Amino acid sequence: ETLRRHAATAGIPVIAALHDLTLAARFCDRMVVLAQGGIVADGPPDQALTADCLQRHWQIEPEILLSRQRLPVIVPHLPTATGA
């Protein structure tokens with residue numbers, strides 16, 4: 001919140017590197033998602049953090065919930081074994 005207020009007051013962008021996707025979705029207006037040295041998604045959190053993107057690039061089965069503010073909450077699950 002402090003960085004958001006400072007950016008608004010000063011009229012400057014803030015760039016942050018975050019690994020907690022839920023935290024990033026809460027505070028970022030735009031996300032650039034990186035995997036294996038490249039950009040794999042770019043846009044608002046609800047467009048950048050799709051289940052397909054997270055499955056493809058991090059091999060997780062995400063459960064994407066919505067907070068009261070309609071922001072994504074990412075719950076990562078390990079893939080379930082099939083045919084075991």
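Predicted model: local features only at pLDDT ≥ 70, side-chain atom pairs only at ≥ 80, totals over all residues.

Residues are numbered from 1 along each chain as its sequence is written, and side-chain values use heavy atoms, with hydrogens and water left out.

**Whole chain**

Show the cartoon. The protein has 4 helices and 4 strands, in the order α-α-β-β-α-α-β-β from the N terminus. Helices (H or I, at least four residues) and strands (E, at least two) are DSSP runs, numbered from the N terminus. The C-alpha trace spans about 55 × 30 × 15 Å along its principal axes. Of the 84 residues, 21% are buried; buried means under 20% relative accessible area, exposed over 50%, and partly exposed in between, with a 1.4 Å probe and protein chains only.

**Hairpin**

Select residues 61-66 and 72-77. These are strands E3 and E4, which run antiparallel and are joined by 6 bridges; two strands pair if DSSP finds at least two bridges between them. Glutamate 61 stands opposite histidine 77 in E4. Now select arginine 70: in this hairpin, with 5 residues between the strands, arginine 70 has a positive phi near 65°.

**Core**

Select Leu21, Ala24, Ala25, Met31, Val33, Ala41, Ala48, Leu49, Cys53, Leu54, Ile60 and Ile74. These 12 residues form the largest nonpolar core, a set of buried Ala, Val, Leu, Ile, Met, Phe, Trp, Tyr and Cys residues joined through side-chain atoms within 4.5 Å. Helix H2 (21-27), strand E1 (31-35) and helix H4 (51-58) each give two or more residues to this core, and H2 gives the most, with 3.

Which residues does alanine 48 touch, not counting those up to four places away in sequence? They are Met31, Val33, Ala41, Gly43 and Cys53, where contact means heavy atoms within 4.5 Å.

**Pocket**

Select Ala16, Leu18, Ala24, Cys28 and Arg30. Among the 30 residues that line the largest pocket, these lie nearest its centre. On a 1 Å grid over the protein atoms alone, a pocket is an open set of points where a 1.4 Å probe fits, with protein on both sides within 12 Å along at least five of seven lines; lining residues have an atom within 4 Å of a point. Helix H1 (2-10), H2, E1 and E4 each supply at least two lining residues.
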